[in-house]
Amino acid sequence: MNTPQFQGTHLFDRLCWAKENLDGVQSDYRVVYEDNIDECAKILVPDPNWMACALQGGILPPVQVYWELAKDEAQPDFVKHTRGHLLHNTKPVEAMTEEQAIEYLIMKDCPQHVWRNWDEGNKPKMVICRKEQLPGTREWRNAWKITEELSVTDLAA
Amino acid sequence: MALGKIKADTLEHSTAGSLDTQFVVNGSARQKHYYNQATTTIKDSFNVSSITDVSTGSYDPQATNSMSSVNYNVVAHAQAQDTNATFTYYGLNRATGSYRRYNYDNGSKDLNATDGILFGDLA
């Protein structure tokens with residue numbers, strides 16, 4: 001199915017179209033990251049409907065749009081967004097592979113201080129893995145950490 | 001765009017009166033999620049890009065279309081897993097693109113069926 005020409009269409013309306021016309025895609029990928037050394041690792045779970053939009057193309061705005069909105073929201077005098085039109089009027093991104101979609105999602109939903117220098121320091125602050133690579137039980141969920149033995153060099157190899 | 005449109009400011013019934021369509025537009029849910037935190041599986045959703053599993057009983061639904069401000073409403077629900085258990089929902093860390101959901105059911109708990117609906121103005 002071809003995506004309608006969506007540039008200029010409210011993003012919410014595009015999501016309505018996607019919900020009606022696209023089947024959700026359950027990704028096995030998970031992103032594990034640590035943004036505070038005093039807290040346990042967080043797990044980013046991709047949304048199936050969002051993943052369908054990413055794979056379809058022509059629906060989602062460029063990730064940079066979210067960065068712009070985040071900058072606005074970080075201002076001390078922020079009350080409400082005045083540049084929401086960026087979500088709707090910026091040319092949507094083309095179809096992504098599942099791996100590209102995960103990278104986009106990292107840059108959208110993980111804190112920037114995590115992914116911008118994920119491999120600096122004594123151990124990686126972020127890992128992309130498969131769901132089955134997570135611990136099988138959540139009994140000790142609040143103690144989950146990225147292993148100290150994980151090597152950035154090994155990851156890149 | 002290929003989508004059909006009906007533009008109207010008012011819906012009028014033959015006998016029961018009329019309704020301004022702004023009530024329909026402004027009263028519609030902007031985001032929903034139905035999540036199994038025990039298996040980290042999103043079972044149903046709308047306007048969600050991801051859910052960040054934060055810790056036991058705690059997670060952040062992330063929006064695809066952000067809200068215009070943090071002055072939105074969240075309706076939360078979850079299925080308690082023990083008979084007569086006390087379920088409590090806490091909302092924390094409210095931002096335009098996400099909020100933190102915390103489920104407490106005789107202690108922090110990863111619930112099999114936890115859901116939320118969000119109302120408010122979109123960015």
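Strand S2 of chain A is mostly covered, with five of its five residues buried. The model described here is predicted. In it, S2(A) pairs in the antiparallel sense with strand S5 (residues 48–55) of chain B over four bridges. The contact between the chains takes 33 residues from chain A and 29 residues from chain B.

- Within chain A, strand S1 (residues 29–33) pairs with S2(A) in the antiparallel sense over three bridges, and A:Val31 stands opposite A:Leu44.
- Towards chain B, A:Val45 stands opposite B:Ile51 in S5(B), while A:Pro46 stands opposite B:Ser50 in S5(B).

**The sheet across both chains**

- Seven strands form an open sheet with antiparallel pairing, in the order S3(A)-S1(A)-S2(A)-S5(B)-S6(B)-S9(B)-S8(B).
- The edges are held by strand S3 (126–130) of chain A and strand S8 (87–92) of chain B; each has a single partner strand, so one side of each is left without a neighbour in the sheet.
- Direction ignored, neighbouring strands of this sheet are turned by 25° against each other on average.
- In the chain B part, strand S6 (residues 58–63) and strand S9 (residues 100–105) pair in the antiparallel sense over two bridges.
- B:Tyr59 stands opposite B:Arg101 in S9(B).

**The chain A side of the contact**

- Five elements of chain A each supply at least two residues of the side that touches chain B: helix H1 (11–21), strand S2 (42–46), helix H2 (48–56), helix H3 (63–74) and helix H5 (98–109).
- H1(A) gives the most to this side, with six residues.
- By class, the side of chain A that touches chain B has 17 nonpolar, six polar and ten charged residues.

**Helix H1 of chain A**

- Which residues of H1(A) are buried? They are A:Leu11, A:Arg14, A:Leu15 and A:Ala18.
- Seen down the axis of H1(A), these buried residues fall within an arc of 100°, so they line one face of the helix.
- An α-helix has 3.6 residues a turn, so residues three or four places apart point the same way.
- The cover over the buried residues of H1(A) comes from both chains, and includes H2 and helix H4 (85–89) of chain A together with strand S4 (41–46) of chain B.

**Helix H5 of chain A**

- H5(A) has twelve residues and reaches 16 Å from its first C-alpha to its last, close to the 16 Å expected at 1.5 Å a residue.
- The buried residues of H5(A) include A:Ala101, A:Ile102, A:Leu105, A:Lys108 and A:Asp109.
- Those residues cover an arc of only 125° around the axis, which puts them on the same side of H5(A).
- H5(A) lies across strands of both chains, namely S1, S2 and S3 of chain A together with S5 and S6 of chain B, and runs at about 65° to S5(B).

Key: Residues are numbered from 1 along each chain as its sequence is written. Chains are lettered from A and ligands numbered from 1 in the order in which they are written. This is a predicted model: local features need pLDDT of at least 70, side-chain atom pairs count only at pLDDT 80 or more; totals for chains, interfaces and linings use all residues. Two residues are in contact if their C-beta atoms, placed from the backbone, lie within 7 Å. Ala, Val, Leu, Ile, Met, Phe, Trp, Tyr, Cys and Pro count as nonpolar, Asp, Glu, Lys and Arg as charged, and the others, Gly among them, as polar. Two strands pair if DSSP finds at least two bridges between them. A residue is buried if 20 or more other C-beta atoms lie within 10 Å of its own, exposed if 12 or fewer, and partly exposed in between; C-beta atoms are placed from the backbone. The arc is that of the directions from the helix axis to the C-beta atoms. The expected span of a helix is 1.5 Å times one less than its number of residues. Axes are lines fitted to C-alpha atoms, for helices over the stretch in contact, and angles run from 0 to 180 degrees between N-to-C directions.
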